[in-house]
Amino acid sequence: MFLLHTCCAPCALPLIDSLLRERKPKDFCLFFSNSNIFPDEEYQRRFQAVQTLASYYQLTLVEDQREHQEWLTYLRQNLAKPPANYQENQARCLRCFEFRLQRTVQFAQANHFQEFATSLSINLYKDTNFINNYSQKLAQQFGLKYYQFSLTPQLAHQKERVLNQKLHLYHQKYCGCEFSYKN
Ligand code: SF4
C-alpha cells in the first residue's frame, strides 16, 4: 500500500492524476498531516478541499491529529533563533517539512504501508532537494520505500491549472503558518 502525504489539494491533484495511471484508487491513501496550518478556519478550508479531491477520485483519506503547539515546540527546539525571525524558505521551513514528514513515516510504519511520497516534493516554491533527500533518509530509517515523482514542479503546476478547471479546488493565499499568514 502507498501513502501520499498531502499538503494541500492543488499540489496533490496532478500527483493523484499521475498515480492513477499506474495504480487503482484502492491501492493508495491520502494522509493530511499539516499541523503547521494557522488559523483553524484556514486549516478547515484546506482540509475540506482535500476531502473534495478524495471523494472525486474515490480515495481513502486519513486526517492526522492537528498538533500545532507540538509543531511550534519542534521548531523552537531545532532552530537557533525564534521561528518568526526567519524568512520563508529558510531554516524554519526545513524544520516544518521534517515535522510533517516524520509524522507521515510514523503513520506509514504503524499502519503497514510499504511506500510513501509527499506532495511537498513538487511544490514550485519549496526546497524540493531537501524534501526528497530528507524523505529518502526517513525511508531508510523506517524500512519504507520513498517514491519520487518524475513530474517537475513546473509541469505539475501546469497540469494542476488544467485539471482544476473542472474541480475548482480552493487555492490558498499563503504557505500555511502564522509566520507566513496573509488575509
Ligand atoms: S512558511 Fe510554510 S513551510 Fe515555512 S514554516 Fe510556515 S508553513 Fe512551514
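Guide: A residue counts as buried if 20 or more other C-beta atoms, placed from the backbone, lie within 10 Å of its own, and as exposed if there are 12 or fewer. This is a predicted model, in which local features need pLDDT of at least 70, side-chain atom pairs count only at pLDDT 80 or more, and totals for chains, interfaces and linings use all residues. Residues are numbered from 1 along each chain as its sequence is written.

Visitor: OK, so how many residues of helix α1 are buried?

Guide: In helix α1, which covers residues 9–19, 9 of the 11 residues are buried, so the helix is largely enclosed by the rest of the structure. (Helices, H or I of at least four residues, and strands, E of at least two, are DSSP runs.) The buried residues are Ala 9, Pro 10, Cys 11, Ala 12, Leu 13, Pro 14, Leu 15, Ile 16 and Leu 19.

Visitor: Say more about α6, please. At what angle do α1 and α6 pack?

Guide: The angle between α1 and α6 is about 90 degrees, and their axes (lines fitted to C-alpha atoms, with angles from 0 to 180 degrees) are 8 Å apart. That makes α1 roughly perpendicular to α6, a label for 65 to 115 degrees, while under 35 is roughly parallel, over 145 roughly antiparallel and the rest oblique. On the α1 side the contact is made by Pro 10, Leu 13, Pro 14 and Asp 17, and on the α6 side by Ala 156, Lys 159, Glu 160, Leu 163 and Asn 164.

Visitor: Switching to the sheet: what order do the strands have?

Guide: There is an open sheet of 5 strands in the order β3-β2-β1-β4-β5, and the pairing is parallel, with at least two DSSP bridges for each pair. At the edges stand β3 (60–63) and β5 (145–146), each with a single partner strand, so one side of each is left without a neighbour in the sheet.

Visitor: What about β1, how many bridges join it to β2?

Guide: Strand β1, residues 2–5, is joined to β2 by 4 bridges, and the two run parallel; in this pair Phe 2 stands opposite Phe 28 of β2. With strand β4 (residues 115–118), β1 also pairs in the parallel sense over 4 bridges, and there Leu 3 stands opposite Phe 116.

Visitor: Is β2 buried or exposed?

Guide: Strand β2 (residues 28–32) has 5 of its 5 residues buried, so it is largely enclosed by the rest of the structure. Phe 28, Leu 30 and Phe 32 point one way from the strand, whereas Cys 29 and Phe 31 point the other way, and all are buried.

Visitor: Last topic, then: how does α3 pack with α4?

Guide: Helix α3 (residues 68–77) meets helix α4 (residues 91–110) at an angle of about 130 degrees, with axes 9 Å apart, and the two are therefore oblique to each other. From α3, Trp 71, Tyr 74 and Leu 75 meet Arg 92, Arg 95, Cys 96 and Phe 99 in α4.

Visitor: And which residues does α4 use to meet α5?

Guide: In α4 they are Leu 94, Phe 97, Glu 98, Leu 101, Gln 102, Val 105 and Gln 109, and they meet Phe 130, Ile 131, Tyr 134, Ser 135, Leu 138 and Phe 142 in α5. Helix α5 covers residues 128–142, and here the packing angle is about 35 degrees, with the axes 10 Å apart.

Notes:
Contact = placed C-beta atoms within 7 Å.
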